[in-house]
Amino acid sequence: MSPEHHFTLYTTVMGPNGWKVAIVLEELGLNYKSLYLDFSKNEQRSPEHLRYNPNGRIPTLIDHKNNDFAIWESNAIILYLVEKYDTEHKFSVENFEERAQLLQWLFFQASGQGPYFGQAAHFLRYHPERIPSATERYQKEVLRVLGVLDSVLSKREWLVGDKLTVADMSFITWNVSATTLLLKDYPGFDLEKDFPSVYKWHTKLLKREATSKVYDTLHALIRSGSAEK
């Protein structure tokens, strides 16, 4: 453990879920150290990590200023961070109904975006044989989720409460995967043309200082050869 840091974040280089937690930590100005687990060596299932996260996945966050409190599942981590440390509600909301909507979008991201985008990535990049029907199914789900977001963002600037919140931040990293990998070679796909409101929203999020800093770190790790093969 690193008690000189407020938090230790167990994560991995190429997985989007750890990076979305890093974005929230950066936005809140919280001090943390990232430990990048090598999935090719099964480090996520090491005894050291499993004692904090019995699911053996990432991300896992340890709060050293709260008796080494451990929390896992990315959106549970995000909720913990804003409920404990965003006391001024800079990136969260106070109103009961708006909080319900914030939870709604975090649940949609966790159940509707992450799993389907992840399956698209699996069949495009990692599955040992090509299964066109599976690839097409999950790419169409990626498009469907982008359509849901676009239908809402065409009427409002942000997802909840007319302000930037962690609900918006939670979608950043998998949307990057959609545009750079999952739909990169999809016939006729053009995010700006097909989903103009998502494009505008996503572009604003990518330009934020915290997001830029996190992606600079990711790209530096990739250049150094730290990404899993």
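At what angle do the axes of helix α5 and helix α9 cross? The model under discussion is a predicted one. In it, the axes of α5 (residues 132-153) and α9 (residues 196-206) cross at roughly 85 degrees and come within 7 Å. Because angles of 65 to 115 degrees count as roughly perpendicular, α5 is roughly perpendicular to α9. On the side of α5, the contact is made by L146, L149, D150 and L153, and on the side of α9 by P196, S197, V198 and W201. By class, the residues of this contact comprise six nonpolar, one polar and one charged.

A further helix contact involves α1 (residues 16-27) and α7 (residues 172-182), whose axes come within 8 Å and cross at roughly 135 degrees. That angle makes α1 oblique to α7. Here P16, N17, W19, K20 and I23 of α1 meet I172, T173, W174 and S177 of α7.

| Helix pair | Axes come within | Crossing angle |
|---|---|---|
| α5 and α9 | 7 Å | roughly 85 degrees |
| α1 and α7 | 8 Å | roughly 135 degrees |

Attention now turns to empty space. Rolling a probe the size of a water molecule over the atoms shows where such space is left. The largest pocket has a volume of about 1500 Å³. Its lining consists of 45 residues, and those nearest the centre of the pocket are M14, G15, P16, N17 and W174. P16 and N17 of α1 and W174 of α7 also take part in the contact between these helices. At least two lining residues are supplied by each of α1, α3 (74-85), α4 (96-126), α7 and α10 (209-223). The largest share, 10 residues, comes from α4. The lining divides into 20 nonpolar, 18 polar and seven charged residues.

Across the whole structure, a search finds 12 aromatic pairs. One of them is formed by W105 and F171, with 6.2 Å from centre to centre and 70 degrees between the planes, an edge-to-face arrangement. This pair links distant parts of the chain: W105 belongs to helix α4, whereas F171 lies 66 residues away in the loop between α6 (166-169) and α7.

Two backbone details remain. Most residues other than glycine have a negative phi, and most peptide bonds are trans. The peptide bond from I58 to P59, however, is cis, with omega near 5 degrees. P59 is found in the loop between α2 (47-50) and β3 (60-63). E73, although not a glycine, has a positive phi of about 80 degrees. E73 lies in the loop between β4 (69-72) and α3.

Conventions:
Residues are numbered from 1 along each chain as its sequence is written. This is a predicted model: local features need pLDDT of at least 70, side-chain atom pairs count only at pLDDT 80 or more; totals for chains, interfaces and linings use all residues. Side-chain values use heavy atoms; hydrogens and water are left out. Axes are lines fitted to C-alpha atoms, for helices over the stretch in contact, and angles run from 0 to 180 degrees between N-to-C directions. Helices (H or I, at least four residues) and strands (E, at least two) are DSSP runs, numbered from the N terminus. Angles under 35 degrees count as roughly parallel, over 145 as roughly antiparallel, 65 to 115 as roughly perpendicular and the rest as oblique. Contact means heavy atoms within 4.5 Å. On a 1 Å grid over the protein atoms alone, a cavity is a set of points where a 1.4 Å probe fits but cannot get out, and a pocket is an open set with protein on both sides within 12 Å along at least five of seven lines; lining residues have an atom within 4 Å of a point. Grid points are joined across faces, edges and corners, and a volume is the space filled by probe spheres set on the points. Ala, Val, Leu, Ile, Met, Phe, Trp, Tyr, Cys and Pro count as nonpolar, Asp, Glu, Lys and Arg as charged, and the others, Gly among them, as polar. Rings of Phe, Tyr and Trp (its six-membered ring) pair if their centres lie within 6.5 Å; planes under 30 degrees apart count as stacked, over 60 as edge-to-face and the rest as tilted.
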